[in-house]
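Please open the structure in your viewer and keep the selection tool at hand.

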Amino acid sequence: MTQINRLQGGQINRDRPLKFMFDGKFYQGFEGDTLASALLANNVRLMGRSFKYHRPRGPLTAGSEEPNAIVELRGGARREPNTRATTAELYDGLVAHSQNRWPSLAFDAMAINDRFSNFLTAGFYYKTFMWPKAFWEKLYEPIIRRAAGLGALSGREDPDVYDKGFRHCDLLIIGAGPAGLMAALTAGRAGADVILADEDFRMGGRLNAETFEISGQSGADWAASAVAELSSLPNVRLMPRTTIIGAFDHGIYGAVERISDHLHMPDADKPRQILWRITTRQTILCAGATERPIAFDNNDRPGVMLASALRTYANRFAATPAKRIAIFTNNDDGHRTARDLQACGVQIAAVVDTRPDAALSTDYQVLRGAQVIDTKGRLGLTFAEVKLADGSERTLECGALGVSGGWNPNVHLTCHQRGRPAWQDDIAAFVPGGILPMGMRVAGAATGALSTHQALVTGKEAARKALGLKGRAPKVADAEDMPVNMTPFWYVKGTTRGWLDQQNDVTVKDVKLSHQEGFRSVEHLKRYTTLGMATDQGKTSNMGGLAIMAELAGKSIPETGTTIFRPPYTPVPIGTFGGRMRGTEFHPTRLTPSHNWAKEQGAVFVEVGNWLRAQWFPRPGETHWRQSVDREVRQTRASVGVCDCTTLGKIDVQGTDAARFLNFVYANGMAKLPVGKTRYGLMLREDGIVMDDGTAARLEEDHFVVTTTTANAGKVYQHMEFVRQCLMPDADVQLISTTEAWAQYAVAGPNSRKLLEKIVDADHDISNDAFPFMACANITVCGGLRARLFRISFSGELAFEIAVPSRYGDSLMRKLMQQGEEFGVTPYGTEALGVMRIEKGHAAGNELNGTTTALNLGLGRMVSTAKDTIGAALSRRPGLNEADALKLVGLKPLDPETKITAGGHLMRADGPVDAAHDQGYVTSAAFSPAMNSMIGLALLKQGDERLGETLRLVSPLTDLTISVEVVSAHFVDPKGERLRA
Amino acid sequence: MRYSGFRIIKEALTGHRGWGPAWREPEPKAHYDIIVIGGGGHGLATAHYLASVYQQKSVAVLEKGWIGGGNVGRNTTIIRSNYLLDGNEPFYEFSLKLWEGLEQDLNYNAMVSQRGIINLIHSDAQRDAFTRRGNAMILNGADAELLDEAAVRREYPYLNFRDARFPIKGGLAQRRGGTVRHDAVAWGFARAADSRGVDIIQNCEVTGFRIQDGTCTGVETSRGFIGATKVGCAVAGSSGRLMAHADMRLPIESHVLQAFVSEGLKPILPGVITFGAGHFYVSQSDKGGLVFGGDIDGYNSYAQRGNLPVVEDVCEGGMAIMPMIGRARLLRMWGGIMDMSMDGSPIIDRTHIDGLYFNGGWCYGGFKATPASGYTFAHLLATDTPHHVATAYRFDRFRTGHMIDEKGVGNQPNLH
Amino acid sequence: MIIHHPLLGPRDASEFVYLGAATLLDRPDPQTATPDDWHAYAYLRDNPAGPHRELWFHEGGDRSWLVVTRDTTTHEITDVALARDVALERRK
């Protein structure tokens with residue numbers, strides 16, 4: 001357990017050694033390490049393989065922009081593929097595996113691809129694998145798929161919990177580097193509600209990775225004291241380990257807080273991550289800048305890293321990939337790395353500076369006007385080949401090479417609402433431009449101002465502007481203000497295998513080929529070569545590709561295009577977006593008041609929208625659902641049954657214009673409905689198609705109660721509010737949904753009246769004379785409990801629907817069962833309900849499918865021509881009134897033993913069976929105990945004129961062909977004598 | 001230049017110097033017989049079939065940006081012909097058949113992969129509706145297969161069979177459905193059309209139509225006036241904006257649809273899965289990313305970006321039906337602008353202006369239609385009669401009451 | 001998105017249900033309307049790229065219909081009114 005590459009100092013806690021395992025081998029690191037820094041400290045540079053050529057890969061960066069060092073973290077159902085070792089916080093017992101290699105990381109058989117790289121150029125797959133045709137899916141594609149992909153999912157259900165929440169603030173500050181801390185101090189001291197979020201587990205940004213001082217303190221100490229002050233302010237909320245993933249409309253930001261990713265597993269009752277929706281008036285983006293590499297041959301070996309990353313590893317993590325390091329730079333910042341490393345005791349092989357006039361150093365050798373042109377080392381860097389200013393070549397022995405090609409401001413979130421960045425010449429980079437998301441300001445290195453002093457100044461100024469602070473601003477602390485001194489240098493001339501996108505293996509050669517083949521716009525380049533499409537989203541590679549394309553096209557970089565970014569800033573687990581809405585919690589579950597009673601009866605439940613409804617009630621000895629359902633139907637038709645119909649939508653309509661309103665909403669007349677009567681109502685959409693049906697009961701002159709189908713309750717209510725507010729704004733009518741307020745039960749069957757008479761208080765006469773078919777009334781039951789009674793029937797039997805306030809629903813159900821014992825009362829579920837309505841020929845959801853008209857359903861005459869009503873005008877269009885329009889009919893199999901399938905299509909008995917000769921389709925089917933055979937409802941061309949005709953019912957999908965007779969849809973009691981009894 | 005494995009070997013050995021541009025960059029001519037506006041999938045396909053099937057010699061495609069930058073490069077790459085209604089199913093089945101021979105026709109590997117698609121069933125009513133649909137597919141010559149729960153479980157054991165809020169009761173499968181590498185479709189059609197002499201003119205935005213006495217004689221563009229005998233518009237997503245230049249109001253609203261891709265993963269999902277009780281569908285690309293999507297954001301937009309509630313809604317659906325994807329990371333989200341039509345079905349028709357033709361209203365189903373849309377639009381442009389599988393896609397169907405409403409939600413575009 | 005409800009202040013758009021263009025307030029007069037008028041009302045849309053007047057229903061709130069003026073290219077909302085007030089205004 002040696003850490004031979006561990007340096008002195010750093011912000012790791014040497015008192016807390018942590019044991020971890022990578023690819024089956026144990027190592028030790030310290031609290032404060034990332035997986036990558038701990039591996040480097042243990043002299044492990046090789047951490048992964050690239051996507052296409054399976055080239056050996058080590059970390060390029062020390063942050064979330066990492067393309068290379070991605071591993072499978074944890075195991076079992078918690079396996080987490082493609083995890084960046086550079087941001088994975090080390091914890092005791094961490095287990096990680098390398099990925100996309102076989103059989104081992106050091107020896108990967110797929111690395112043979114690299115030998116054939118000349119054949120596997122950008123887009124090669126578009127040009128081949130086309131012959132023979134069948135081989136694509138059988139041979140080529142399976143091989144490609146197996147080779148592709150990076151890490152593997154476990155295939156097991158994610159055991160962790162995710163949460164979501166909302167937060168609000170005056171000012172959201174994104175990034176806790178010098179600019180963000182200064183902005184937060186300014187705003188926090190001024191009393192504003194501030195949220196300061198940073199993706200890192202340690203706030204401070206680059207201050208933790210640098211050796212500069214602020215007012216005589218080390219940057220890291222200054223950051224720590226700033227954080228301490230901020231955490232003492234009650235109006236400031238610090239959110240470390242929180243990535244702002246996207247800027248959405250109207251000041252809403254998505255944020256992912258990693259609660260438990262630094263632990264072995266989440267603490268009990270703690271989520272793994274939380275998705276915050278942060279709503280803010282003002283935002284300051286202090287996302288810093290990311291260093292960019294330079295492309296040269298074999299610049300992808302483990303050990304070749306961004307110079308600033310070497311600095312981060314040395315200064316913050318006290319780790320180094322090697323003891324002897326070379327630097328390749330086009331700017332002064334590269335020299336800073338050399339100085340810092342040297343101060344840590346790392347030997348500097350040389351600083352290779354592309355600028356002929358670069359400053360020399362007394363501490364290390366500077367090779368001016370020189371370039372690194374190639375590297376050596378099978379699984380990690382051993383030598384760098386340098387071409388000197390005079391054209392001669394020199395080999396530098398080094399275990400790591402720090403590359404510095406300049407800095408790109410992290411403009412990502414400024415682009416999320418499609419703002420386009422602008423080019424800034426002195427730093428040769430894009431800076432925030434165009435229209436920023438509402439309320440957003442940018443400060444610090446993200447603006448292109450790269451010094452610490454500038455970060456502090458712009459951070460303070462941005463906060464003052466955001467909050468409208470007046471008066472003299474306090475002076476900021478002293479800090480370095482080095483000018484940016486760089487000469488753009490993107491790639492070494494003559495390189496072909498110089499990597500741009502290290503994860504996806506896109507090289508300079510691929511960009512050249514893309515240009516040669518006409519894929520010259522930035523978007524074509526990305527899509528053709530896959531540049532920037534890897535898990536790092538091109539944070540370190542897009543600029544290089546763009547610069548090379550610009551050079552090939554003979555244009556400037558901004559003329560060639562910009563790189564814009566989409567959310568999320570870094571990849572987010574799908575589970576985090578899902579939150580707790582999974583499993584049984586995916587949607588809310590609505591239960592009726594007598595649900596528990598039904599459960600006690602052993603009811604089988606079915607999902608109806610968000611409701612759970614009893615589907616049938618099995619009795620002992622019944623082994624098949626049909627036995628239960630047939631019994632429920634027979635018993636109801638023979639005596640009495642009770643069905644919970646609480647789920648039907650109920651809307652209370654009140655006001656002096658209530659009748660006029662309903663007369664407009666329903667296609668049939670409602671204006672003259674007498675008080676105490678109920679009427680079936682047919683509601684059309686404005687386009688003339690049936691929207692819903694239900695009943696309207698007039699309880700008082702200015703008070704109606706209407707019902708809707710279960711499925712359409714919300715939609716109908718919305719529609720009625722639209723009509724009320726938008727089309728009849730001057731009407732005196734009020735609506736309220738009372739679906740949850742009333743428990744409602746259908747009591748059906750010849751003994752239904754007798755049963756109800758035992759419950760309804762004696763002063764209410766519900767005899768046929770006093771309370772005939774379609775009557776309604778406010779009544780009392782069980783000695784004074786207010787209730788509503790409707791004499792309506794869906795089953796075709798003498799039937800009532802009785803409603804009581806929800807809290808009495810359970811009692812009423814129990815009472816009905818108890819009082820009904822003498823009649824052998826049965827509860828019945830949705831299946832029996834469905835059977836009886838099919839037997840009766842009532843249209844329901846399967847028939848009201850959003851494409852049927854009143855005419856189709858045999859209700860054409862209900863659409864009043866005498867009044868203006870929603871949908872009437874457009875229902876008269878010729879296409880909805882053709883001579884061969886579909887009509888609702890009944891179907892009976894010629895052979896009663898055969899099955900009718902809903903969804904089957906109807907063909908003439910002797911005609912061809914194909915789509916062109918389709919006569920209609922079966923909407924509903926059920927076994928009818930009354931008919932002792934299966935029956936169906938169908939929509940059939942000219943169906944009303946075809947009663948008695950024999951048709952073929954075909955369902956090739958279920959391998960069924962039978963002969964059926966077209967009959968009236970009213971199988972039971974066609975004259976309606978029972979329901980009027 | 002013909003593409004082949006042999007050619008790749010030859011080029012690899014000679015430094016790849018022989019590859020030419022996939023298409024030319026011609027200057028616009030003063031006049032074309034036919035101008036197709038829109039260098040997306042449908043426009044480029046139209047041009048290809050105009051040149052190859054209908055022998056048109058003078059055709060240009062005008063694209064305001066770069067070809068393939070609209071919805072053909074922003075979709076979730078699914079192809080299928082599992083439609084219900086007579087107006088649609090023959091068209092989409094025609095399209096699927098064109099996909100099946102597309103790569104050989106274009107000499108371009110668009111990775112047409114018939115991996116199969118399953119629409120999950122969660123209720124009896126849904127099974128009835130899918131049975132009707134599956135039968136309609138078979139009666140139209142397509143393939144369909146009804147699966148019970150056990151069959152779905154055999155193919156996708158990691159779907160939520162444990163504690164699903166809406167239990168899986170089966171599925172409707174179309175084995176010939178699948179996925180295609182979407183960008184390659186645009187490029188393949190472009191290259192094939194270009195090779196037959198079609199001028200593909202990028203960075204050429206149409207700013208107006210020249211209409212004289214009720215006849216369209218050409219288009220005003222950012223690169224000057226270009227004359228044409230016929231002008232076909234295929235700019236789904238921008239249809240409203242473009243046709244406003246001809247003073248046309250359309251039965252279309254523009255809406256944003258978001259799509260998502262995860263980080264690359266080793267193969268785990270063989271085909272396409274559509275969750276029938278939430279808004280979620282998913283497949284896995286050859287590169288390994290889970291490509292998924294759900295519902296539109298639901299408000300008019302031309303902004304090509306959406307908002308968090310729909311991102312959450314889609315991922316909630318994913319976690320509900322497939323809780324093993326929780327630790328896969330969503331890598332990228334983007335938005336495309338959909339022509340949401342008033343009945344959910346497209347329009348391929350002449351306009352009331354002579355010489356001006358329209359193709360649009362594809363809602364979020366345009367990608368799978370690409371070859372047939374191009375073919376039938378080319379037929380209309382070349383012959384002035386609708387192709388027999390596209391006769392229902394008329395402008396006047398809303399006036400006459402012949403809507404083609406698969407979902408049965410009526411004249412509210414955001415519900416389709 | 002945030003919608004500034006005239007009565008309830010700023011509310012998250014997820015509380016609302018979207019319907020479509022505010023021209024749906026202008027239902028044709030059944031006495032005088034031609035089939036063309038009905039067709040245009042029910043099916044044709046301006047669908048502008050820019051400011052758009054549109055109807056939102058506060059389903060998760062006070063159930064009022066709002067006319068929201070929102071730019072379809074930027075999503076910026078510049079005006080919100082109760083649809084009932086707008087409809088009454090148009091009657092004058």
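Select residues 496-577 of chain A, where UniProt, in an unreviewed entry, places the feature "domain: SoxA A3"; UniProt positions follow the numbering used here, feature names are shortened, and annotations may be inferred rather than shown by experiment. This is a predicted model, in which local features need pLDDT of at least 70 and side-chain atom pairs count only at pLDDT 80 or more, while totals for chains, interfaces and linings use all residues. Residues are numbered from 1 along each chain as its sequence is written, and chains are lettered from A and ligands numbered from 1 in the order in which they are written. The end C-alpha atoms of residues 496-577 of chain A lie 41 Å apart, and the span is 45% helix and 9% strand (helices, H or I, of at least four residues and strands, E, of at least two are DSSP runs, numbered from the N terminus).

Next, select helix α6 of chain A, residues 307-315.

Move to chain B and select strands β17 (residues 347-350) and β18 (residues 356-360), which pair in the antiparallel sense over 4 bridges (pairing requires at least two DSSP bridges). I348(B) has N359(B) as its bridge partner. Of the 5 residues between the strands, which one takes a positive phi near 80°? It is G355(B).

Finally, display chains A and C together: 21 residues of chain C are in contact with 15 residues of chain A (C-beta atoms, placed from the backbone, within 7 Å). On the side of chain C that touches chain A, α2(C) provides the largest share, 5 residues.

Methods
Two residues are in contact if their C-beta atoms, placed from the backbone, lie within 7 Å. A residue is buried if 20 or more other C-beta atoms lie within 10 Å of its own, exposed if 12 or fewer, and partly exposed in between; C-beta atoms are placed from the backbone.
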